[in-house]
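Subject: Structure handover

Hello,

The structure we discussed is below. My notes on it follow; please read them next to the coordinates.

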Amino acid sequence: MSVVGIDVGYQNCYIAVARSGGIETIANEYSDRCTPACVSLTSKNRMIGNAAKSQITTNFKNTVHGFKKFHGRAFDDPFVQAEKPKLPYSLHKLANGNAGIKVRYLDEDKVFTFEQITGMLLTKLKETSESALKKPVVDCVISVPSFFTDAERRSVFDATQIAGLNCLRLINDTTAVALAYGIYKQDLPTPEERPRNVIFVDMGHSSFQVSITAFNKGKLKVLATAFDLYLGGRNFDEALVDYFCEEFKSKYKLNVRENPRALLRLHQECEKLKKLMSANSSDLPMNIECFMNDIDVSGRMNRGQFEDMCAQYLMRVDMPLKAVLEQSKLSRDDIYAVEIVGGATRIPACAILSPAFKVREFSITDVVPFPITLRWKSPTE
Ligand code: ATP
Ligand code: MG
């Protein structure tokens with residue numbers, strides 16, 4: 001039986017498996033190697049992944065996305081309370097004090113725990129793996145952020161059980177990335193030689209993780225990890241959303257924040273615009289037809305303006321990097337390379353974080369599904 005490695009992201013999930021002498025990321029029924037972390041509950045059925053993503057604006061009260069960071073958190077937790085007003089779906093205080101969600105499903109009001117929601121997502125990822133591998137899949141390794149607490153890890157672990165998976169190990173995202181890097185490298189130093197130190201920079205949708213790993217042939221050691229829990233692609237989307245909400249208010253007298261569906265559409269368009277700006281530095285249009293009250297809206301933005309607008313976030317990019325250098329007591333000269341991972345590092349201003357480092361492109365997070373003996377690092381260590 002195969003063991004699969006699953007990267008459950010805040011926005012995107014990936015499944016990896018060792019086969020044909022290499023590591024392969026599995027494609028879903030849309031031939032897409034990435035499955036959106038999205039679950040939509042309707043009066044007739046539940047949709048998960050790509051199908052659920054297409055329901056974000058139409059079935060907004062019952063389409064759950066951006067839920068990874070609610071795992072293992074109390075309803076009264078300041079993070080949960082700060083997120084609550086921004087969510088299109090309703091959070092609910094469970095009997096044990098944890099946060100859950102309230103939705104309309106099969107024509108009934110239902111409350112689900114986040115373990116159940118992630119359980120539904122993992123069920124889908126299990127099915128995707130089984131149809132690609134053409135055999136049952138039960139054993140898995142799941143990657144979680146290095147800053148996840150024990151309660152958060154336990155909650156993800158519970159979700160794997162709900163999905164009928166046997167989770168052999170939860171590994172840190174930073175370790176998974178280091179494994180993916182080291183596994184194919186033929187030219188690593190021998191165990192007697194000085195190790196090759198590599199910095200991994202992973203900016204996803206919700207958070208930013210940096211680590212330094214020392215590699216020798218057949219061996220890796222994570223020397224230091226640092227993170228910014230609240231810095232990711234979503235901050236850049238929100239900055240664009242704020243800008244266009246103001247612009248559309250003055251230009252068209254529209255109060256976008258009062259209309260959840262319009263706000264979700266604006267979010268989607270701003271994310272597209274952000275991605276376009278990664279490849280183009282010229283002025284780009286933002287056009288949305290029949291946006292609100294049958295009004296077509298339009299605006300413009302360019303990379304320079306976007307970078308000025310996001311200066312407060314860009315300033316934070318170097319901090320975890322400096323922190324890992326300090327923790328590991330290594331100097332810049334000891335670093336062989338900085339490898340960038342995670343969708344948001346495609347924003348050019350995030351990727352050129354430290355020109356003094358040798359920066360090379362590295363693929364989006366792939367998890368290596370090998371249960372290897374590595375100790376979890378708790379955030380307090
Ligand atoms: P997390 O690691 O926080 O759990 P995740 O793993 O789901 O999140 P990724 O898939 O690594 O996140 O990255 C998603 C983010 O990357 C989104 O904010 C997305 O908009 C952004 N992104 C993807 N491609 C680009 C691009 N070309 N330019 C700018 N941003 C991009
Ligand atoms: Mg990620």
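**Sheets and the helix across them**

Helices (H or I, at least four residues) and strands (E, at least two) are DSSP runs, numbered from the N terminus. Angles run from 0 to 180 degrees between N-to-C directions, and axes are lines fitted to C-alpha atoms, for helices over the stretch in contact.

Before the rest, the conventions. This is a predicted model, in which local features need pLDDT of at least 70 and side-chain atom pairs count only at pLDDT 80 or more, while totals for chains, interfaces and linings use all residues. Residues are numbered from 1 along each chain as its sequence is written, chains are lettered from A and ligands numbered from 1 in the order in which they are written, and side-chain values use heavy atoms, with hydrogens and water left out.

S8 and strand S9 (residues 99–105) run antiparallel and are joined by four bridges; His 92 has Gly 100 in S9 as its bridge partner.

Another open sheet of three strands has the order S6-S5-S7, and its pairing is antiparallel. Its edges are strand S6 (46–48) and strand S7 (63–65), each with a single partner strand, so one side of each is left without a neighbour in the sheet. The twist from one strand to the next averages 15°. Three bridges join strand S5 (residues 38–41) to S7 in the antiparallel sense, with Val 39 opposite Val 64 in S7. H3 packs on this sheet as well, touching S5, S6 and S7, and its direction makes about 105° with that of S5.

Buried means under 20% relative accessible area, exposed over 50%, and partly exposed in between (1.4 Å probe, protein chains only).

Leu 266 is in contact (heavy atoms within 4.5 Å) with Val 241, Phe 244, Cys 245, Phe 248, Val 256, Met 286, Ile 288 and Phe 291, leaving aside neighbours within four places in sequence.

The axes of H6 and helix H7 (residues 260–279) come within 9 Å of each other and cross at roughly 115°. Residues in this contact include Phe 236, Val 241 and Phe 244 of H6, and Leu 263, Leu 266 and Met 277 of H7. The residues of the contact divide into eleven nonpolar, two polar and four charged. Here Ala, Val, Leu, Ile, Met, Phe, Trp, Tyr, Cys and Pro count as nonpolar, Asp, Glu, Lys and Arg as charged, and the others, Gly among them, as polar.

**Hairpin and single residues**

Strand S16 (residues 284–292) and strand S17 (residues 295–301) pair in the antiparallel sense over six bridges, and Met 286 has Gly 299 in S17 as its bridge partner. The hairpin has two residues between the strands, and Asn 293 takes a positive phi near 50° in it. Cys 290, in strand S16, has a positive phi near 45°. Lys 253, in the loop between H6 and H7, has phi near 55° and is exposed, with a relative accessible area of 67%. Most residues other than glycine have a negative phi.

Leu 165 is in the loop between helix H4 (150–162) and strand S12 (166–172) and counts as buried at 6% relative accessibility.

Regards

Methods: Pairing = 2+ DSSP bridges.
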